[in-house]
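User: I am new to this structure and would like to learn how to read its features one at a time. Please give the general idea first and then the case at hand.

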Amino acid sequence: MARTSIQSQGSQPIQYPDRTTKRAEQAMRCLPFQMPLLAAMRSNSVPLLSIVGLEGVERNYTTRPRSELAVENDLMWLIQVGVLRREVDGQGITDSFRLTPLGRQLLEKWERLGETLPPPSLSDRLHHTLNRWVTYSHTESKITVWASYQLQPLLRILGKLY
């Protein structure tokens, strides 16, 4: 299995499978979050409500106002792909989020390349949408998972075209 090693400042590199890294990069680039949000999550826990609505736009966390449900769904997806973790306090899980080591390493990589996240390609968007659909649908129906395997060759072809 191929592995990607991403060097984080001041620490030993953690080796992630290429598939894990690619899926995390795709998710981060396809969602409507901006670099300032990711930078804030690197050093602090960021509460959900500071990302929602106009406040999220004013802080340059998102490009447009988003509902609490939409933001939470996207943050939960980033948890599933290994980019974020939910903060815990003495009373349990909070409504705040932070980057994981994988998320920090990807952010550092992109900061070296520029001030914005690289835009996703059409192929990235298709793969990302299918990954989310399959992951969500997996719990709903085994038939949906079977159908996703049938679509994998098509996605490989599309990935080569774009």
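User: How many helices and strands does the protein have, and in which pattern do they follow along the sequence?

Analyst: This is a predicted model. The protein has seven helices and five strands. Read along the sequence, these elements follow the pattern β-β-α-α-β-α-α-β-β-α-α-α. Of the 162 residues of the protein, 40% count as buried. Among the contacts with a separation of 6 or more, 57% are between residues 24 or more positions apart.

User: What average pLDDT does the protein have, and where does pLDDT stay under 50?

Analyst: Where pLDDT is low, the predicted coordinates should not be read in detail. Here the average pLDDT is 83, and 76% of the residues score at least 70. Over residues 140-146, pLDDT stays under 50, and the model has three contacts beyond four places in sequence for that stretch.

User: How many residues does helix α5 have, and what span should they cover?

Analyst: Helix α5 comprises the 13 residues 101-113, which at 1.5 Å a residue should span 18 Å. The buried residues of α5 are L102, G103, Q105, L106, L107, E108 and W110.

User: At what angle do α2 and α5 pack, and how far apart are their axes?

Analyst: Two packed helices are described by the angle between their axes and the distance between the axes. Helix α2, residues 35-43, packs against α5 at an angle of about 130°, with the axes 10 Å apart. The two helices α2 and α5 are therefore oblique to each other. Their contact is made by M35, L38, A39 and R42 of α2 and by R104, L107, E108, W110 and E111 of α5. The crossing of α2 and α5 is left-handed.

User: Are α1 and α5 roughly parallel or roughly perpendicular to each other?

Analyst: For helix α1, residues 18-30, and α5, the packing angle is about 70° and the axes are 11 Å apart. The helices α1 and α5 are therefore roughly perpendicular to each other. Their crossing is right-handed. On the α1 side, T20, T21, A24, E25, M28 and R29 take part, and they meet L102, G103, L106, K109 and W110 in α5.

User: Is G103 buried or exposed, and which residues is it in contact with?

Analyst: G103 lies in helix α5. At 0% relative accessibility, G103 counts as buried, because the cut-off for that class is under 20%. Leaving aside neighbours within four places in sequence, G103 is in contact with M28, G82 and V83. M28 and G103 are 75 residues apart along the chain, yet their C-alpha atoms are separated by 8.8 Å.

User: Which residues of α2 are buried, and what covers them?

Analyst: The buried residues of α2 are M35, L37, L38, A40 and M41. Their cover includes the helices α1, α4 and α5, together with β3 (46-47), β4 (84-89) and β5 (92-99). L38, found in α2, is buried with a relative accessible area of 3%. Not counting residues up to four places away in sequence, L38 touches M28, L99, L107 and L117. The C-alpha atoms of L38 and L99 are separated by 7.3 Å, although the two residues are 61 residues apart along the chain.

User: Where is S123 found, and is it buried or exposed?

Analyst: S123 is found in helix α6, residues 122-140. At 7% relative accessibility, S123 counts as buried.

User: What phi does N60 have, and where is N60 found?

Analyst: Most residues other than glycine have a negative phi, and most peptide bonds are trans. N60 is not a glycine, although its phi is positive at about 65°. N60 is found in the loop between α3 (53-58) and α4 (68-80). With a relative accessible area of 41%, N60 is partly exposed.

Technical notes: Residues are numbered from 1 along each chain as its sequence is written. This is a predicted model: local features need pLDDT of at least 70, side-chain atom pairs count only at pLDDT 80 or more; totals for chains, interfaces and linings use all residues. Side-chain values use heavy atoms; hydrogens and water are left out. pLDDT is the predictor's confidence in each residue, from 0 to 100. Contact means heavy atoms within 4.5 Å. Helices (H or I, at least four residues) and strands (E, at least two) are DSSP runs, numbered from the N terminus. The expected span of a helix is 1.5 Å times one less than its number of residues. Buried means under 20% relative accessible area, exposed over 50%, partly exposed in between (1.4 Å probe, protein chains only). Axes are lines fitted to C-alpha atoms, for helices over the stretch in contact, and angles run from 0 to 180 degrees between N-to-C directions. Angles under 35 degrees count as roughly parallel, over 145 as roughly antiparallel, 65 to 115 as roughly perpendicular and the rest as oblique. A crossing is left-handed if the near helix is turned anticlockwise from the far one by less than a right angle, and right-handed if clockwise.
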